[in-house]
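Visitor: I would like to learn how to read the features of a protein model, one at a time. Please show me the structure, and then take my questions in turn.

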Amino acid sequence: MAKKFYVVWAGRQTGIFTDWATTQRHVHGFPAARFKSFESRAEAEQAFKAGTPPLPGRRSAPTPARLAAEIHAPSADIQGVQIYCDGACDPNPGHAGSGIVVYRDGRLMELWYGLYNPNGTNNTAELNALHRALLMAESNIAAGHNTRLFCDSVYAINCVSKWAHGWKARGWRKAGGEIKNLGIIQDAHAVYARIEPAIELSHVSAHVGTEGNELADRMAMYAVTQRDKELRQYGGALDIKAILRMRAG
């Protein structure tokens with residue numbers, strides 16, 4: 001009997017599934033994916049029939065009990081390099097920092113934090129994280145690794161991979177006026193343009209239990225508290241449960 005039942009309201013395939021590996025294939029990297037785990041099939045069927053739950057305005061920080069029940073690690077059969085990035089700001093605008101998480105073949109390898117800005121915003125923190133994650137992706141691609149990059153900021157993804165093409169063609173101008181955060185966008189887009197044919201850049205929903213996204217969030221908040229302007233590799237043990245208990249953004 002399955003220990004958990006996973007409802008997917010929005011994904012590559014919707015329905016009720018009995019293992020995380022199958023569920024992850026349907027939701028990983030799917031824009032605005034909506035899914036949740038349940039302890040019984042009856043609960044899952046009731047939730048699926050009720051339809052997609054409303055999006056919350058802002059989710060509260062995960063509790064240790066919820067983390068134990070809902071955090072999902074990458075499937076062991078995932079190959080190549082997976083990079084997650086996130087930004088945080090407290091308050092917004094205010095103290096901003098960025099976090100990056102690197103997996104290889106589904107195994108956690110590196111955590112990074114930093115890029116502190118005392119006068120940043122959520123958007124600048126997300127863009128900084130994406131820029132540095134793209135540079136890491138470029139290095140891995142050059143080394144021959146299949147690389148995927150995940151970011152929970154639709155704004156940052158669109159700025160760098162979509163809107164920047166048109167802005168650049170018009171001399172970095174847009175019809176609506178000023179392009180905010182232009183310098184960071186230009187730097188990140190330059191990297192993206194070099195590796196665009198080889199990189200898979202995907203949106204991942206924030207705070208829905210995806211381990212890489214949750215860890216990147218903790219590193220971003222760690223950057224805010226450490227106030228380190230450089231991007232540094234996390235020197236502590238890669239104890240996932242302990243890191244998830246750190247302050248969430």
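Guide: The protein chain contains 8 helices and 9 strands; helices (H or I, at least four residues) and strands (E, at least two) are DSSP runs, numbered from the N terminus. This is a predicted model, in which local features need pLDDT of at least 70 and side-chain atom pairs count only at pLDDT 80 or more, while totals for chains, interfaces and linings use all residues. Residues are numbered from 1 along each chain as its sequence is written, and side-chain values use heavy atoms, with hydrogens and water left out.

Visitor: What share of the residues of the protein chain counts as buried?

Guide: Buried means under 20% relative accessible area, exposed over 50%, partly exposed in between (1.4 Å probe, protein chains only). By that cut-off, 51% of the 249 residues are buried.

Visitor: Which strands make up the open sheet of 6 strands, and in what order?

Guide: Strands of a sheet pair through backbone hydrogen bonds, either parallel or antiparallel. Two strands pair if DSSP finds at least two bridges between them. Here the order is β8-β7-β4-β5-β6-β9, and the pairing is mixed. The edge strands β8 (200-203) and β9 (232-233) each pair on one side only.

Visitor: Where in this sheet does each sense of pairing occur?

Guide: β4 pairs with β5 (residues 94-104) in the antiparallel sense over 10 bridges, and with β7 (residues 147-151) in the parallel sense over 5 bridges. A hairpin through 3 residues joins β4 to β5. Another antiparallel pair is β5 with β6 (residues 107-120), over 9 bridges, where V101 stands opposite L111 in β6. Helix α4 (residues 122-142) packs on the sheet, touching β4, β5, β6, β7 and β8, and its direction makes about 160° with that of β4. Contact means heavy atoms within 4.5 Å.

Visitor: Why is strand β4 described as largely enclosed?

Guide: In β4 (residues 81-90), 9 of the 10 residues are buried, so the strand is largely enclosed by the rest of the structure.

Visitor: What is the order of the open sheet of 3 strands?

Guide: The order is β2-β1-β3, with antiparallel pairing. β2 (15-17) and β3 (34-38) are at the edges with a single partner strand each, so one side of each has no neighbour in the sheet. β1 (residues 5-10) and β2 pair over 3 bridges, and V8 has G15 in β2 as its bridge partner. Helix α1 (residues 20-27) packs on this sheet and touches β1, β2 and β3. Helix α2 (residues 41-50) also packs on the sheet, touching β1, β2 and β3.

Visitor: What do the contacts of F35 show?

Guide: F35 lies in β3 and counts as buried, at 11% relative accessibility. Not counting residues up to four places away in sequence, F35 touches V7, V8, W9, W20, V27, H72, V208 and T210. F35 and V208 are 173 residues apart along the chain, with their C-alpha atoms separated by 7.7 Å.

Visitor: At what angle do the axes of α5 and α6 cross?

Guide: Axes are lines fitted to C-alpha atoms, for helices over the stretch in contact, and angles run from 0 to 180 degrees between N-to-C directions. Angles under 35 degrees count as roughly parallel, over 145 as roughly antiparallel, 65 to 115 as roughly perpendicular and the rest as oblique. The axes of α5 (residues 154-169) and α6 (residues 182-195) come within 9 Å and cross at roughly 85°, which makes α5 roughly perpendicular to α6. Residues making the contact include Y155 and W167 of α5 and I185 and Y192 of α6.
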